[in-house]
Amino acid sequence: MAAAGGGGRSCFVLGASGETGRVLLRELLDRRAFARITLIGRRRLSLGEAEAAVEQAVVDFERLGEHAAAFQGHDVGFCCLGTTRARAGADGFVRVDRDYVAQAAELARAGGCKHFVLQSSRGANAQSRFLYLRVKGEVENLVEAVGFDHCTILRPAVLLCKRQESRPMERIAQQFLGAVALLCPTAYSVPVEMVARAMVACALQPGKGKVQVLENRAIHELGKAVPQQGT
């Protein structure tokens, strides 16, 4: 059963099992922003009560072209797909964060998607010497080149969240940056909830022009401008 509301519009979410993706899904459901929400991933997610409100398409990312049907008929595509070099190795990181995302964007455009919303990273630069930032910059360029009516790229700094997987060094950094955020809230970090709210907000009201890039401060501003549910 699809989510009610949303004026008949449809969206898909890539990376719904990740930190941003989980919060984004909750935001979409709470705001009833889309009539149809499809999660596209390598496995079905256990969503509890929310399971009946979304559709799930299980795909093989290594053979993504065989799953074009999953990308058809959506107005907006949200992409939070990503891994880490530590978890997947350098080649695996490039394959997930650049190749999978770029191919998904192409399939989405071919399927009629008008607006692609991509979570990237602060400092993304295709010319960077650092693999992470270079790959993020490369995938930004590839997605832009697909030719969506609207393409929104968010470049958050360090995400403040409670990760399900253990990343001890990142947890220490988050604790430090959480304290810094009290003094300089937009400088080095951003709560994952604010990123999710900003993603939904820019999808509902796209900016001017075909491509919009939101840096960390702009994400904070947009996220704050969106009232939290229940307030």
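1. **What you are looking at.** This is a predicted model, in which local features need pLDDT of at least 70 and side-chain atom pairs count only at pLDDT 80 or more, while totals for chains, interfaces and linings use all residues. Residues are numbered from 1 along each chain as its sequence is written, and side-chain values use heavy atoms, with hydrogens and water left out.

2. **The chain as a whole.** The protein chain has six helices and nine strands; helices (H or I, at least four residues) and strands (E, at least two) are DSSP runs, numbered from the N terminus. Of its 231 residues, 47% count as buried, where buried means under 20% relative accessible area, exposed over 50% and partly exposed in between (1.4 Å probe, protein chains only). Contact means heavy atoms within 4.5 Å. Among contacts with a separation of 6 or more, 73% join residues 24 or more positions apart. The accessible surface is about 11500 Å², and 51% of that belongs to carbon and sulfur atoms; such areas come from the Shrake-Rupley method with a 1.4 Å probe, and for residues only the protein chains shown count as cover.

3. **The largest core.** A nonpolar core is a set of buried Ala, Val, Leu, Ile, Met, Phe, Trp, Tyr and Cys residues joined through side-chain atoms within 4.5 Å. The largest one here has 32 residues, and Leu24, Leu28 and Phe78 touch the most other members. At least two residues of this core come from each of β1 (10-14), α1 (19-31), β2 (36-41), β4 (76-79) and α5 (192-204). The largest share, nine residues, is supplied by α5. Apart from this core lies another, of 26 residues, including Phe71, Val101, Ala108 and Val139.

4. Which residues does Phe78 contact, leaving aside its neighbours within four places in sequence? They are Cys11, Phe12, Val13, Leu14, Leu24, Leu28, Phe34, Val117, Met199, Val200 and Ala203.

5. **Helix α5.** Of the 13 residues in α5, 11 are buried, which leaves the helix mostly covered; among them are Val192, Met194, Arg197 and Met199. From first C-alpha to last, α5 reaches 19 Å, close to the 18 Å expected at 1.5 Å a residue. The expected span is 1.5 Å times one less than the number of residues.

6. **Helix α2.** The buried residues of α2 pack against β1, β4, β5 and α3 (131-146). Thr83, in the loop between β4 and α2, is buried with a relative accessible area of 17%. Beyond its neighbours within four places in sequence, Thr83 contacts Ala88, Gly92, Phe93, Val96 and Asp97. Just after α2, Gly112 takes a positive phi of about 105°.

7. **Aromatic pairs.** The structure holds six of them. Rings of Phe, Tyr and Trp (its six-membered ring) pair if their centres lie within 6.5 Å; planes under 30 degrees apart count as stacked, over 60 as edge-to-face and the rest as tilted. Phe12 and Phe116 form a tilted pair, 6.4 Å centre to centre with 55° between the planes. That pair links strand β1 to strand β5 (residues 115-119), across 104 residues, and both Phe12 and Phe116 are buried. Phe61 and Tyr100 are stacked, at 5.1 Å centre to centre and 20° between the planes. Because Phe61 lies in the loop between β3 (55-58) and β4 and Tyr100 in helix α2 (residues 85-110), their pair ties together parts 39 residues apart in sequence. Ring pairs also link Phe12, Phe71, Phe116 and Phe148 into a cluster.

8. **Back to the opening loop.** Arg32 has a positive phi of about 50° although it is not a glycine. Phe34 lies in the loop between α1 and β2 and is buried, with a relative accessible area of 0%. Phe34 and Leu204 are 170 residues apart in sequence, yet their C-alpha atoms are 9.5 Å apart in space.
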